[in-house]
Amino acid sequence: MSNNCDYCVTAHDSVKEMHSFLRSMGYKHTFFERVKRQGAICYFGEQGRCCTLCPDGPCRIKRRAPKGKCGIDADGLAARNLLRLVNQGGAAYTHDFKTTLKTLKAISEGKSPFTVKDRKKMVWFAQKLGIETDGTDREIIGRIADYLEKEFMKDTTQPLDIIRKLAPESRVKIWERLGIIPGGYIFESHEASTKVMPNIDTDFMDLSLTSLRLGLSAGFLANIATTIIRDIIFGSPDITKGYADIGVLDKDYVNIVVHGHVPWMGSVVARMAKEKRFQDMAKEAGAKGIKVYGSLCTGQEMLQRPETAKYLDGQVGNWLTQEFVAATGAVDAFLMDKNCAAPGLADLVQKVKLHTKLIPVSSVVRLRDVPVDSSVIYDPEIVEKQAEKLILESIEAYKNRRKTYPVHIPDKKTDYIAGFGVESLLNILGGTPDPLLEAIQAGAIKGVVGLVSCTTMKNGHGTFTYEFVKELLKKDILVLITGCASSLAQAEGFTNKEAIDKFAGEGLKGVCKVLGIPPVLNFGSCLDTGRMIHLIIALSEYLGVDPSQLPVIAAAPEYYNNDAYIDGLLAVSMGINTYVNPIPPIVGGPAFTRLLTRDLEDILGGKFIVEPDPIKAAELIEKELEKKLN
Ligand code: SF4
Ligand code: SF4
């Protein structure tokens, strides 16, 4: 389908095609049109120089008005704005942690169908935390849940024990010196929420330290502990294969998309949908059966492990793809877990009069005019009953497909390899990280970039990440990827074997061929940045060096959601230089910007790097990696 649209900028041909399809039907309300209608971005807000906190505002910091009406300066204002975003991101990430905790409790009481799939990891984790490992799986899980709950609820004056137990000693010393070893997220967040009210904390240094505390608190509880728990329950990552992009949809089936961030409900729905009784019901309804597809990070979580990946029929895309996935007319139900349920999706379904059911399965996901059925809000104790109801509703929705809607599925899908984590990577390397480290020492690989991203609407959908990753690979830099950027990488062919010859530089090409790995390794969902940190900790322990000395850079080339701030702060706190794009709203505060992009390196060993051009950003990263190796 031809696309003569001059504003539809995306890395994906499938999205372009679907956009043309929608335009041919007269629908002009996708995110491409919304971006256009919004027009130029206000640079006060973009730079963090605007404040709307009290009715005397909004105040805007400018040369002739360097302070807000209350007297706050540009640095305080930008740092306070950033802390608000960080706090929100941490709340969202620890919401996943809370759901995980609830699930663990139910498992320990024998009330949930989930069981332990990786006992070895459970025992390792319990031992690391100093927890008794005698007894049944349920008993050990119960003790882990109690420990984590206590940690979550700790006051700000009670340092998290999990940090001391899991982080390298060299890091703990630095954090102690700075006074940033946090308590549990509930009270850290409470403290931060209080500080950001007008006229309480206006010191950019203290506000910055508070952001770092939130980053460590949410980072260790959500990113690190939650990832480990998911590995224990679903199994640790191991190599899986499949297909990604909108073309995975099959119009002849009842199609269910498990969408969002949290894999609990999706994994049960996908497993149960394969049962004969449901497949038969779908056939009776006129379909060939039922297929379940991953979307965003829920999908990325599920395709990381053979145990859950085997029930998935493909990954449809990243968060900005959702409107176009629905527009195919072939999706019967979106099961919407937290987060990233875009309002534009509901708008499209309503305006185009699609039969597609949007069904929130999380206590926090709500969309205007989309009914909520409280009986299917995820509950680990009745999750199978809930999954059954959701499958039946999807079959009903299939029966209501509009005969007049011209179902359109782009003929585009790409094969991927997924399932990389500490254990599976070590297996590939033959049991030790030596082959990788030797390749770096020999100069075949210049280092590793740990990438997390959502994709944004700012520079075109995914195009920035596409160019950035291409450039890194050309420079012989191995990329580990998480979040919605993984969906982009899968659809654009970065994560299969063909990518070696197509994208990798000579050195990286050789290493990938010997090891039989793609040049971009899928590490999972955005929360799985915890898995990358786990790898960094393991490497620093193996080499007996602080993480800041490793040839590793973190990158978020198209961050969108506020939980990405937690990823970035966690990485920087670990001493890892971290590239972020779009430029965060900090540059309105000159001293605050200097702190984050320069001085932080002296204090923490890691700093933020900003650069709005993907080619130059890759060059900067190459230089930073070279510095680490010298
Ligand atoms: S808190 Fe201060 S800077 Fe913010 S709107 Fe009120 S007066 Fe203006
Ligand atoms: S990577 Fe970003 S957009 Fe994608 S699911 Fe995670 S938070 Fe949402």
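Predicted model: local features only at pLDDT ≥ 70, side-chain atom pairs only at ≥ 80, totals over all residues.

Residues are numbered from 1 along each chain as its sequence is written, while chains are lettered from A and ligands numbered from 1 in the order in which they are written.

**Domains**

- The protein chain is assigned domain 1 (74-234), domain 2 (246-399) and domain 3 (414-629); these bounds come from an automatic or database domain assignment.
- Between domain 1 and domain 2, the C-alpha centres are 30 Å apart.
- Their contact draws 14 residues from domain 1 and 17 residues from domain 2, where contact means that the C-beta atoms of two residues, placed from the backbone, lie within 7 Å.
- On the domain 1 side, helix H4 (74-108) and helix H10 (204-234) are the elements that give two or more residues. Helices (H or I, at least four residues) and strands (E, at least two) are DSSP runs, numbered from the N terminus.
- H4 gives the most to that side, with 7 residues.
- By class, the domain 1 side has 5 nonpolar, 4 polar and 5 charged residues. Here Ala, Val, Leu, Ile, Met, Phe, Trp, Tyr, Cys and Pro count as nonpolar, Asp, Glu, Lys and Arg as charged, and the others, Gly among them, as polar.

**Ligand 1**

- The residues around ligand 1 include Cys51, Cys54, Cys59, Cys70 and Pro198; a residue is near a molecule if its C-beta atom, placed from the backbone, lies within 6 Å of it.
- That shell is made up of 8 nonpolar, 2 polar and 2 charged residues.

- Ligand 2 has 14 residues around it, and the closest are Cys340, Cys454, Gly483, Cys484 and Cys526.
- Its shell counts 8 nonpolar, 5 polar and 1 charged residues.
- Where does ligand 2 lie? Domain 2 (246-399) and domain 3 (414-629) both give residues to its shell, so ligand 2 lies between them.
- In an unreviewed entry, UniProt lists His261, Cys297, Cys340, Cys454, Cys484 and Cys526 under "binding site". UniProt positions are given in the numbering used here, feature names are shortened, and annotations may be inferred rather than shown by experiment.
- Those six span 266 residues in sequence, yet no two of their C-alpha atoms are more than 11.8 Å apart, so they gather at one spot.

- Cys340 sits in the loop between strand E6 (333-336) and helix H16 (343-351).
- Cys340 is buried, as 25 other C-beta atoms lie within 10 Å. A residue is buried if 20 or more other C-beta atoms lie within 10 Å of its own, exposed if 12 or fewer, and partly exposed in between, with C-beta atoms placed from the backbone.
- Neighbours within four places in sequence aside, Cys340 contacts Gly260, His261, Leu296, Trp319 and Asn561.
- Cys454 is in the loop between strand E9 (447-453) and helix H20 (463-474), and counts as buried with 25 C-beta neighbours inside 10 Å.
- Beyond four places in sequence, the contacts of Cys454 include Trp319, Cys484 and Asn561.

**Helix H16**

- Leu345, Ala346, Leu348 and Val349 are buried in H16.
- Looking down the axis of H16, the buried residues fall within an arc of 160°, so they line one face of the helix; the arc is that of the directions from the helix axis to the C-beta atoms.
- Pro343 and Lys351 are exposed on the other side of H16.
- The cover over the buried residues includes helix H15 (322-327) and strand E7 (357-360).
- After H16 comes Lys353, with a positive phi near 60°.

- Cys42 is in the loop between helix H2 (31-38) and helix H3 (43-46), and Cys50 lies in strand E1 (residues 50-51).
- Not counting residues up to four places away in sequence, Cys50 touches Phe44, Gly45, Pro58 and Arg60.
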